[in-house]
Structures are given as structure tokens and as C-alpha cells.
Amino acid sequence: MAGAGMRYGGTLVVQPVRNGLGLVALRPIAAGEVICHVRGRIVTAATVWGYWKRDRRRGENCFRFDADHYLDPEGEIGAYANHSCNPNARIVRGPRALWLHALRPIRRGEEVIHDYSTLLGADDVWTMRCNCGARQCRGVVANAGRLPASVLRDYRRREAVPRFILDTL
């Protein structure tokens, strides 16, 4: 499998997980710890729409970066960051960079997962059927404005939704 075995220092490895390949912790990760830099090219929304027409998977792997741009992690470890309705990590935006931070302690061997909805503004129309396996799975991944009120409140409290996404709600 392409990508399997890819590593990010001594922290992460790409391995087979529940839904294909994903990021797995090589060591315990503390709550609040920076897990990795999500690298890639900053591209326009038009570029991402082009990906959708040619390679749906590549379009799905892009991270919203701001109101008009996305980060394309093609060929980088971030391309293997999977979704869960019960995430253990969050995406944090810095100047020209995205970072994966732990929301809670993550055990060695545990998949590192974030909620894709936290990077989808009210203006995003993309949805995906969810198969994360979490007890509280919502069944569909959609924009942050469609999150249950209690989940959105919790995410706001834990700063799991970037400001530029909250500004769209």
C-alpha cells in the first residue's frame, strides 16, 4: 500500500486502520501536545474543485486553510489524517501552516483522528457518509453549522474549530 510505513519523526506512522490507511501514534502523546505539522501546498478553491473532477480522493484530503484557500497534503503524512465523530486531535492554523494537536491523551498504537466538520464552514456544501465507528457517530460529515449544538459548544470550549470557520456560522 502506497504511504504505509511513512513516518513523522518518532511520533506517527501510516498504517492500516479501520478505514484504509491512517496515522497511528508511535508513542504516548499528551493532551495539548503538538503532534505534527500538516504540510502541503496552499491552493485555491477552484484547484480543489478540479481535483474533485479528476480524483475525488485528492479533493477529499484537502484541508480548508482560510475563506478562499485549502492545504493540499498530497504526498505528505497529512493525507492520511482520518475523521472521527469522537476525535482525539484537532487542527490548528498558524501563519501559512496547519498543525495537528492532541485534544486528549493518545495511547501508543492508537489512531490519531480529527473531526473533518471542524474545517468545513457554513458555506461548504461537501458532505460524506461517516463510517468512523464511534459510539456517537453522526452518520454524516457536514459543515460545522450542522453539528449538534452540544458538540459545537464542546468544540468551541476546546478550541477545536478554527476562528475562520466559526466566523462563517
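Select Ala89 to begin: its relative accessibility is 2%, so the residue counts as buried (buried is under 20% relative accessible area, exposed over 50%, partly exposed in between, with a 1.4 Å probe and protein chains only). The model is predicted, with local features requiring pLDDT of at least 70 and side-chain atom pairs pLDDT 80 or more, while totals for chains, interfaces and linings use all residues. Residues are numbered from 1 along each chain as its sequence is written, and side-chain values use heavy atoms, without hydrogens and water.

Ala89 belongs to strand β9, residues 89-94 (strands are DSSP runs of E, at least two residues, and helices runs of H or I, at least four, numbered from the N terminus). Display the C-alpha atoms of Ala89 and Glu111: 10.0 Å separates them, although they are 22 residues apart along the chain.

Next, select Ala4, in the segment before β1 (7-8). At 39% relative accessibility, Ala4 counts as partly exposed. The C-alpha atom of Ala4 lies 9.5 Å from that of Tyr80, 76 residues away along the chain.

Now turn to the lining of the largest pocket. Helix α2 (56-61) is among the elements that supply at least two residues each, as are β3 (20-25), β8 (82-83) and β12 (128-129). The largest share, 4 residues, comes from α2. Colour the lining by class to find 10 nonpolar, 8 polar and 8 charged residues (Ala, Val, Leu, Ile, Met, Phe, Trp, Tyr, Cys and Pro count as nonpolar, Asp, Glu, Lys and Arg as charged, and the others, Gly among them, as polar).
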